[in-house]
Amino acid sequence: MIPEISLTDPEVLTDPFTAYGRAREQSPLARVGAPGFGPVWAATRHKTARAVLSDPRFELTANSYQRPDVPEHCRAYMRTMSEVEGAEHARLRRLVSPAFSARRALDFRPRVDPLVGRLLDDLPAEADLLRDFARPLPMDVICELVGIPGEDRPRWREYGMAVAAGHGPAFAAAIPGVMAGAQAAIARRREEPGDDVLADLIRAEDRLSDTEMVTLVWHLVLAGQTPANLIANAVAALLEHPDQLAALRAEPGLMPRAVDELIRWCGPTLMTIPRYAREDVELEGVLIREGEAIVAAVAAANRDPRAFEDPDRFDVTRPGGGHLGFGHGPHFCLGAALARVQTEVALTALLAREFEPVKVERMPDPGTWRLSSLVVRFG
């Protein structure tokens, strides 16, 4: 029997890991829906979810995304790499991957350290870490990554907050600003060589067009807000598990392993963007018909006992790897290495300070595991 999950169910909103986990133990496939959404198929088990994410018969299309209303001159930049499949996607991925490699992310780490330090130094004795630390950091990193001048960065922080909200007038207004800023940054890099992603791409033997580079910057802004929710979730999880917090403070060298475990345990992605069957596909003995939508239920797959030992235990010493927090297959998150480094730097600097929780509130969101506030008092 195929279990059904309502995205308006209070348990799904407050404890999706249990709700999705129950469905996973019933069946490798579930049906997920809500008013105005679905129903769609959901792969609940790790093996099945990996198969969906790497199977070219399930493709991302324009229908996978909610397209914002933007001015005509911005439309050429809205079709990001996430929407591109096949040979076109492979070409773009090959061109940009060197600029986002694990080695490049480590090289970039010394430039993240002062960004984190400045944000922490500006915090008052009682601060909302989500609003004043985790949310501005990703856009500060992106600005450093693509060479946005210092005087423009406060405006880009506003763009980041608007994009993180995902809708509304501020979101629509941010898009032309990002595009114009990206165009200016590309022109500046052509005249003044530097050491950032745009400089890497301009120097590359096989080059992206200017349109493709502007689109990449928009893609970075759109997808690059994930560390905000990851960092906030991580702090909340560590506060809820003081033994793990103490272990990490006692042995900071565990941080890379801890970040991987935090992505598995409380990463913000509960389910992936819908993919659509290009043809009839039999999956786990069930017929997915051409045109039907399917998602990977990451909240279920990342706690699948078939893939992880004692998966409901949060353990910062757990060997990393295997989780689907950054996806899998051809569309594996381009910025995964940078997100890991950013989160490691943020948590390392933050945990060097003593603080206690004052107010931790979670936002009910069926698609993203995230907080609405994370107020702490520094001691």
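Tutor: Helix α7 (residues 136-146) is mostly covered, with 11 of its 11 residues buried. Buried means under 20% relative accessible area, exposed over 50%, and partly exposed in between (1.4 Å probe, protein chains only). Helices (H or I, at least four residues) and strands (E, at least two) are DSSP runs, numbered from the N terminus. The buried residues of α7 include P136, L137, D140, E144 and V146. Just after α7, G147 takes a positive phi of about 80°.

The model is predicted: local features need pLDDT of at least 70, side-chain atom pairs count only at pLDDT 80 or more, and totals for chains, interfaces and linings use all residues. Residues are numbered from 1 along each chain as its sequence is written, and side-chain values use heavy atoms, with hydrogens and water left out.

Next, the cores. A nonpolar core is a set of buried Ala, Val, Leu, Ile, Met, Phe, Trp, Tyr and Cys residues joined through side-chain atoms within 4.5 Å. The largest one has 112 residues. Y20, F100, L129, F133, W156 and W218 have the most contacts inside it. Helix α16 (residues 336-351) gives the most to this core, with 10 residues. Contact means heavy atoms within 4.5 Å. Leaving aside residues up to four places away in sequence, Y20 touches I5, L7, V12, V32, M271, A297, A299, A300 and P366. A second, separate core holds 16 residues, among them L29, A296, A301 and L324.

Now a helix pair. α12 and helix α14 (residues 255-266) pack at an angle of about 95°, with axes 10 Å apart. Axes are lines fitted to C-alpha atoms, for helices over the stretch in contact, and angles run from 0 to 180 degrees between N-to-C directions. α12 and α14 are therefore roughly perpendicular to each other; the cut-offs are under 35 degrees for roughly parallel, over 145 for roughly antiparallel, 65 to 115 for roughly perpendicular, and oblique for the rest. On the α12 side, L230, N233, A234 and A237 make the contact. On the α14 side, L262, I263, W265 and C266 do. These residues divide into seven nonpolar, one polar and no charged. Ala, Val, Leu, Ile, Met, Phe, Trp, Tyr, Cys and Pro count as nonpolar, Asp, Glu, Lys and Arg as charged, and the others, Gly among them, as polar.

Three strands form an open sheet in the order β5-β11-β10, with antiparallel pairing. Two strands pair if DSSP finds at least two bridges between them. β5 (126-128) and β10 (355-363) are the edge strands, each pairing on one side only. The twist averages 15° from one strand to the next. Three bridges join β5 to β11 (residues 370-378). D128 has V375 in β11 as its bridge partner. Helix α12 (residues 226-240) packs on this sheet and touches β10 and β11. Its direction makes about 60° with that of β11.

Five bridges join β2 (residues 29-34) to β3 (residues 37-43), running antiparallel. The two form a hairpin with two residues between them, and G36 in the turn has a positive phi of about 85°. R31 has W41 of β3 as its bridge partner. β3 also runs parallel to β9 (residues 293-296), joined by three bridges. There, I294 is the bridge partner of W41.
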